[in-house]
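Good morning, and thank you for coming.

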Amino acid sequence: PMLEKLELRYCPNDCSSAGMRAFLTDYLPAFRESNTQLEVETVALRRRPPKAVGLYRNGRSKPIDVKNLGASEIAEHIMWLRNSHG
(Lines give C-alpha, C1' and ligand atoms only; values in the text may rest on other atoms or scores of the structure.)
Protein backbone atom coordinates (compact mmCIF):
# COMPACT_ATOMS: atom_id res chain seq x y z
CA PRO A 1 0.00 0.00 0.00
CA MET A 2 1.03 3.57 -0.55
CA LEU A 3 0.03 4.74 2.93
CA GLU A 4 3.07 6.27 4.58
CA LYS A 5 1.74 7.81 7.79
CA LEU A 6 -1.40 7.60 9.87
CA GLU A 7 -2.41 10.50 12.14
CA LEU A 8 -4.96 9.78 14.84
CA ARG A 9 -6.37 13.03 16.20
CA TYR A 10 -8.60 13.14 19.26
CA CYS A 11 -9.66 15.21 22.24
CA PRO A 12 -8.47 13.84 25.60
CA ASN A 13 -11.81 14.39 27.35
CA ASP A 14 -14.60 15.12 24.84
CA CYS A 15 -17.38 12.52 24.54
CA SER A 16 -17.17 12.49 20.73
CA SER A 17 -13.59 11.14 21.02
CA ALA A 18 -14.45 8.25 23.36
CA GLY A 19 -14.27 5.71 20.53
CA MET A 20 -10.89 7.00 19.38
CA ARG A 21 -9.50 6.84 22.91
CA ALA A 22 -10.75 3.25 23.18
CA PHE A 23 -9.17 2.45 19.80
CA LEU A 24 -5.83 3.82 21.02
CA THR A 25 -5.79 1.47 24.01
CA ASP A 26 -7.60 -1.60 22.65
CA TYR A 27 -6.61 -1.77 18.97
CA LEU A 28 -3.58 0.42 18.27
CA PRO A 29 -0.86 -1.75 19.90
CA ALA A 30 -1.73 -4.75 17.70
CA PHE A 31 -2.16 -2.53 14.62
CA ARG A 32 1.31 -1.04 15.13
CA GLU A 33 2.81 -4.49 15.63
CA SER A 34 1.38 -5.81 12.37
CA ASN A 35 2.14 -2.62 10.37
CA THR A 36 5.71 -1.81 11.38
CA GLN A 37 6.41 -0.12 8.02
CA LEU A 38 3.79 2.53 8.80
CA GLU A 39 4.43 5.64 10.90
CA VAL A 40 1.57 6.18 13.36
CA GLU A 41 1.22 9.46 15.23
CA THR A 42 -1.37 10.24 17.90
CA VAL A 43 -2.28 13.89 18.32
CA ALA A 44 -4.31 15.15 21.29
CA LEU A 45 -6.16 18.36 20.40
CA ARG A 46 -8.56 19.97 22.82
CA ARG A 47 -12.10 20.67 21.59
CA ARG A 48 -11.49 19.21 18.12
CA PRO A 49 -13.47 16.35 16.59
CA PRO A 50 -11.58 13.06 16.24
CA LYS A 51 -10.13 12.21 12.84
CA ALA A 52 -8.07 9.48 11.26
CA VAL A 53 -5.87 10.96 8.53
CA GLY A 54 -4.02 8.85 6.01
CA LEU A 55 -0.97 10.49 4.44
CA TYR A 56 0.19 8.83 1.22
CA ARG A 57 3.53 8.69 -0.62
CA ASN A 58 2.14 10.71 -3.51
CA GLY A 59 1.48 13.68 -1.19
CA ARG A 60 -2.28 13.21 -0.90
CA SER A 61 -4.11 12.90 2.39
CA LYS A 62 -7.46 11.34 3.27
CA PRO A 63 -9.09 12.59 6.47
CA ILE A 64 -11.96 10.56 7.93
CA ASP A 65 -14.25 12.04 10.56
CA VAL A 66 -14.71 9.41 13.28
CA LYS A 67 -16.79 11.54 15.65
CA ASN A 68 -19.01 9.44 17.94
CA LEU A 69 -17.92 6.15 16.34
CA GLY A 70 -16.98 3.08 18.38
CA ALA A 71 -13.47 1.65 18.49
CA SER A 72 -14.31 -1.25 16.14
CA GLU A 73 -15.84 1.11 13.57
CA ILE A 74 -12.74 3.29 13.74
CA ALA A 75 -10.59 0.17 13.24
CA GLU A 76 -12.52 -0.58 10.02
CA HIS A 77 -11.92 2.96 8.72
CA ILE A 78 -8.22 2.72 9.54
CA MET A 79 -7.93 -0.60 7.71
CA TRP A 80 -9.61 1.04 4.71
CA LEU A 81 -7.04 3.86 4.81
CA ARG A 82 -4.22 1.31 5.06
CA ASN A 83 -5.49 -0.72 2.12
CA SER A 84 -6.41 2.15 -0.21
CA HIS A 85 -4.12 4.06 -2.53
CA GLY A 86 -3.73 7.82 -2.25
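A word on the source. This is a predicted model, in which local features need pLDDT of at least 70 and side-chain atom pairs count only at pLDDT 80 or more, while totals for chains, interfaces and linings use all residues. Residues are numbered from 1 along each chain as its sequence is written, and side-chain values use heavy atoms, with hydrogens and water left out.

Let us start with the fold. The chain has 3 helices and 4 strands; these are DSSP runs numbered from the N terminus, with helices (H or I) of at least four residues and strands (E) of at least two. Read from the N terminus, the order is β-α-α-β-β-β-α. The radius of gyration is 12 Å, close to the 12 Å that the globule rule gives for 86 residues, so the chain is as compact as a globular protein of that length. Here the radius is taken over C-alpha atoms, and the rule is 2.2 Å times the number of residues to the power 0.38. Along its principal axes, the C-alpha trace spans about 35 × 25 × 20 Å.

How much of the chain is buried? Buried residues make up 40% of the 86 residues. By buried I mean under 20% relative accessible area, by exposed over 50%, and by partly exposed anything in between, with a 1.4 Å probe and protein chains only. As for contacts, meaning heavy atoms within 4.5 Å, residues 24 or more positions apart account for 68% of those with a separation of 6 or more.

Now to the interior. In soluble globular proteins, nonpolar side chains tend to be buried together. A nonpolar core is a set of buried Ala, Val, Leu, Ile, Met, Phe, Trp, Tyr and Cys residues joined through side-chain atoms within 4.5 Å. The largest one here has 20 residues, and those with the most contacts inside it are Leu 6, Leu 8, Met 20, Phe 23 and Ile 78. Two or more residues come from each of strand E1 (3–10), helix H1 (18–26), helix H2 (28–34), strand E3 (51–56) and helix H3 (71–83). The largest share, 5 residues, is that of H3.

Phe 23 is buried, with a relative accessible area of 2%. Leaving aside neighbours within four places in sequence, Phe 23 is in contact with Leu 8, Leu 28, Ala 71, Ile 74, Ala 75 and Ile 78. How many aromatic pairs does a search of the whole structure find? The search finds 1. In that pair Phe 23 and Tyr 27 are stacked, at 5.7 Å centre to centre and 10° between the planes. For such a pair, ring centres of Phe, Tyr or Trp (its six-membered ring) lie within 6.5 Å; planes under 30 degrees apart count as stacked, over 60 as edge-to-face and the rest as tilted. Tyr 27 is partly exposed, at 33% relative accessible area.

Ala 75, in helix H3, touches both Phe 23 and Tyr 27, not counting residues up to four places away in sequence. At 14% relative accessibility, Ala 75 counts as buried.

Gly 19 lies in helix H1 and is buried, with a relative accessible area of 9%. Beyond its neighbours within four places in sequence, Gly 19 is in contact with Leu 69, Gly 70, Ala 71 and Ile 74.

In strand E1 we find Leu 3, buried at 6% relative accessibility. Leu 3 and His 85 are 82 residues apart in sequence and 6.9 Å apart in space, C-alpha to C-alpha.

Most residues other than glycine have a negative phi. Which value does phi of Arg 47 take? The angle is near 55°, a positive value. Arg 47 lies in the loop between strand E2 (39–44) and E3 and is exposed, with a relative accessible area of 77%. Asn 68 also has a positive phi, of about 65°. Asn 68 lies in the loop between strand E4 (61–65) and H3, and at 56% relative accessibility it counts as exposed.

Thank you for your attention.
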